[in-house]
Amino acid sequence: MRDATSGAEIAPRKLPQDWMTAGSARKVYDALERAGGAPRFVGGCVRDALLGRRIRDTDIATPLFPQAVIAAAEAAGLKHAPTGIAHGTITVIADHVGIEVTTLRRDVDTDGRHAVVSFTDDWQEDAARRDLTINALSATADGTVHDYFGGIEDLKAGRVRFVGRPEDRMREDYLRILRFFRFHADYATGPFDPSALAAASALKDHLKALSGERLRQETLKLLVARRAVETWRAMLDTGIVAAYLPAATSIDRMAKLAALEAMLQVALDPIRRLAALAVTGSGPALAETLKLSNAERDRLTAIAAARPDFVVGDATLVRRQVYDLGNALALDLLLVDWGAGEPDAVGENDWHEAYEIVRDWKRPDFPLSGGDATKLGLAPGPEIGKLMRDVEEWWIAGDFAADREHCLAELMRRVEGRGA
Ligand code: ATP
Ligand code: MG
């Protein structure tokens, strides 16, 4: 098997892994098995276990109908919640961890946005309605993997391809266009599957009709996937980006950000990457399309705003920016602006030094509050606000060196000097 980063041949990992033999997923699995539910682990957890990658979430499938899943959970003393009961999903909770249990399904109809499903007891039918071969694997807790569509071979070869004809599968659910790129970015080692790429390009205009929540989930995962930069570039070249997120085009800036994140070992962040892609001023529009939270929208908007570049080369100025922006936003701006206005690597040291300040310097709190001014006999009112801001500005200009005592003395000096 080819490892995406090293290119070395690796063998599929031996199953079962620990999470299959013990822990909360196994408790839920056992509860279903005791009720005659013949459960299997399905989807991403099997795929990632075979690759030796960290498991993100564990999903279980069973031929049992949802009511029988609930009965099985109750018989085992496990709590449950009907999180997706309309399409057959019950979340069963063991040791405070929720595991999604879904009744085997087959797709019977579709409008391209929602599949209409019915239940089945046929594992192959359930695998056939999944999107990609590598996502159609299932496994029992003893480590036996069931693979109806060549998913293991595709994993080994680093091939991301659909179960069935890509165009048919995309017409059933247009989100699969984005899922194809997302999984390609994370699991493929070679070029795009040509028929899937062609189908994605032909059907791209349907992306607009999908819900913001669904677009959001796939897009944010895609932005931090392993080969996100080259995949986004391909999505630009084929018009996919223009079809649903037309302002996310600054690919060179995202490429530079990704290189920096790797060099500095900064945790990847999808909002920061989206902000790097965003053309100036497009934050609110992007946030609207992807139904971002208010906090995410504000952050995206602040990074992608028409604004001066982050200033480096002067430690005091860097600290002042951290004070004004907070450490988190200062890091965003620094990383997105890194090298701005420099034709080559001139000033690289300045950016490194600024990075260390932004990372390590803790933004201090101004040592005074309005109460200090009233204690000096000033009546509450706008004048106090102005005085406090002046002293704060004096404190910042002194590079935050003055302690509370010195700030009080400065306040006093200004109060006394008022009438003069
Ligand atoms: P991740 O690690 O990102 O969660 P995953 O494989 O678990 O990857 P999910 O989006 O959580 O991906 O979906 C779980 C499984 O459900 C997939 O592996 C796939 O089999 C199936 N699936 C999810 N969405 C679709 C879809 N739109 N069309 C077909 N199958 C889907
Ligand atoms: Mg998942």
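## First stop: helix H11

In this predicted model, the buried residues of H11 pack against H8, H10, H12, helix H13 (251–264) and helix H14 (270–277). Select residues 228–237 to display H11 itself; Ala-228, Val-229, Thr-231, Trp-232, Ala-234 and Met-235 are buried there. Next, select Gly-239, which follows H11 and has a positive phi, near 80°.

## Second stop: helix H9

Select residues 194–203, which form helix H9, and colour its buried residues: Ala-196, Ala-199, Ala-200 and Leu-203. Why do these residues lie on the same side of H9? They do so because they cover an arc of only 100° around the axis.

To see what covers the buried residues of H9, display the helices H7 (166–172), H8 (175–187) and H12 (240–244), which are among the covering elements.

In soluble globular proteins, nonpolar side chains tend to be buried together. In this model, the largest nonpolar core has 122 residues. Select Val-28, Phe-41, Ile-177, Phe-181, Trp-232, Leu-274 and Leu-334, the residues with the most contacts inside this core. Helix H8 supplies the largest share of the core, eight residues. Trp-232 was already met among the buried residues of H11.

Centre the view on Val-28. Leaving aside residues up to four places away in sequence, Val-28 touches Ile-60, Leu-78, Val-92, Ala-94, Ile-99 and Val-101.

Rolling a probe the size of a water molecule over the atoms shows where empty space is left.

The largest pocket has a volume of about 1,400 Å³. Of its 39 lining residues, select those closest to the centre: Glu-100, Arg-105, Arg-129, Arg-130 and Arg-179. Elements that give two or more residues to this lining include helix H3 (44–51), strand E2 (59–62), strand E3 (79–84) and helix H10 (212–223). Which element gives the most to the lining of the largest pocket? That element is H8, with five residues. By class, this lining has nine nonpolar, eleven polar and 19 charged residues.

The second largest pocket has a volume of about 280 Å³. Select some of its lining residues, including Asp-48, Arg-53, Asp-186, Tyr-187, Lys-221, Arg-226 and Leu-268. The lining of this second pocket has four nonpolar, no polar and seven charged residues.

How many cavities of 30 Å³ or more does a search of the whole structure find? The search finds one. The largest cavity holds about 40 Å³ of space. To outline this cavity, select Val-42, Trp-123, Asp-126, Ala-127, Arg-130, Ala-136, Leu-137, Ser-138 and Tyr-148. Helix H5 (residues 123–128) gives the largest share of the lining, three residues. By class, the cavity lining has six nonpolar, one polar and two charged residues.

Go to Pro-16, in the segment before helix H1 (18–21). The peptide bond from Leu-15 to Pro-16 is cis, with omega near 0°.

Move on to Asp-95, in the loop between strand E4 (89–94) and E5. Asp-95 has a positive phi of about 50°, although it is not a glycine. Asp-95 counts as partly exposed because its relative accessibility is 46%.

Then select Asp-399, in the loop between H21 and helix H22 (404–417). Asp-399 is another residue other than glycine with a positive phi, here near 60°. Its relative accessibility is 22%, so Asp-399 counts as partly exposed.

## Last stop: Leu-376

Finally, select Leu-376 in the loop between helix H20 (370–375) and helix H21 (382–397). Leu-376 counts as partly exposed because its relative accessibility is 32%. With residues up to four places away in sequence left out, Leu-376 touches Leu-411, Met-412 and Val-415. To end the tour, draw a distance from the C-alpha atom of Leu-376 to that of Arg-226: the two residues are 150 residues apart along the chain, and these atoms are separated by 59 Å.

Key:
Residues are numbered from 1 along each chain as its sequence is written. Chains are lettered from A and ligands numbered from 1 in the order in which they are written. This is a predicted model: local features need pLDDT of at least 70, side-chain atom pairs count only at pLDDT 80 or more; totals for chains, interfaces and linings use all residues. Side-chain values use heavy atoms; hydrogens and water are left out. Buried means under 20% relative accessible area, exposed over 50%, partly exposed in between (1.4 Å probe, protein chains only). Helices (H or I, at least four residues) and strands (E, at least two) are DSSP runs, numbered from the N terminus. The arc is that of the directions from the helix axis to the C-beta atoms. Contact means heavy atoms within 4.5 Å. On a 1 Å grid over the protein atoms alone, a cavity is a set of points where a 1.4 Å probe fits but cannot get out, and a pocket is an open set with protein on both sides within 12 Å along at least five of seven lines; lining residues have an atom within 4 Å of a point. Grid points are joined across faces, edges and corners, and a volume is the space filled by probe spheres set on the points. Ala, Val, Leu, Ile, Met, Phe, Trp, Tyr, Cys and Pro count as nonpolar, Asp, Glu, Lys and Arg as charged, and the others, Gly among them, as polar. A nonpolar core is a set of buried Ala, Val, Leu, Ile, Met, Phe, Trp, Tyr and Cys residues joined through side-chain atoms within 4.5 Å.
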